[in-house]
Amino acid sequence: MRPALELPDFALTDATGLAFTAANLKDRWTLLAFGELSEARGHLTVNRMIDVYNRLADRPELRSRMQLALAAEAQSPNLARDFSSLSPALRVLSGETDELNRLRALLGEDADNTDATLYLFGTAGRLLVLF
């Protein structure tokens, strides 16, 4: 994307209750997606993200700087923790519906989108590519 998009701050939490904000996008490569873990789309999205991460197996320096972030509405903490254990790079994030919809809108994603768009943020915390 030209120019790269920098997000204003947002507030989500991970499965352990730690905050996840725009600052967490800096200093690491971040693959962000939206999906509900209780739905097939969420499962497929997590699978796709982990597949991308696993393709970096021959690039340990890059892989060590990669994080996967799945944003979803508030859900079962146990389910979020179970999914987070699928990969050391995966953080399952949750937040209020309004905050998630604001983040989706900033990224240009329709809340009713049935495709799992993946957003890649560079180490400066700017959106570089979506696929």
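Residues are numbered from 1 along each chain as its sequence is written; side-chain values use heavy atoms, with hydrogens and water left out. In this predicted model, local features need pLDDT of at least 70 and side-chain atom pairs count only at pLDDT 80 or more, while totals for chains, interfaces and linings use all residues.

**Nonpolar cores**
- The largest nonpolar core holds 21 residues. A core here is a set of buried Ala, Val, Leu, Ile, Met, Phe, Trp, Tyr and Cys residues joined through side-chain atoms within 4.5 Å.
- L31, L37, V46, M49, M66 and L68 have the most contacts inside this core.
- β4 (29-34), α1 (40-54), β5 (66-73), α3 (77-84) and β6 (90-95) each give two or more residues to this core. Helices (H or I, at least four residues) and strands (E, at least two) are DSSP runs, numbered from the N terminus.
- α1 gives the most, with five residues.
- Another core of 17 residues lies apart from it, with L7, A71, L107 and F121 among its members.

**Surroundings of L68**
- Neighbours within four places in sequence aside, L68 is in contact (heavy atoms within 4.5 Å) with L31, M49, I50, Y53, S87, A89, L90 and R91.

**Strand β6**
- Six of the six residues of β6 are buried, so the strand is largely enclosed by the rest of the structure. Buried means under 20% relative accessible area (1.4 Å probe, protein chains only).
- L90, V92 and S94 cover one side, and R91, L93 and G95 lie on the other.
- β5 and β6 run parallel, joined by six bridges; pairing needs at least two DSSP bridges.
- L70 has V92 in β6 as its bridge partner.
- β2 (residues 12-14) pairs with β6 in the antiparallel sense over two bridges.
- D14 stands opposite L93 in β6.

Conventions. Buried means under 20% relative accessible area, exposed over 50%, partly exposed in between (1.4 Å probe, protein chains only).
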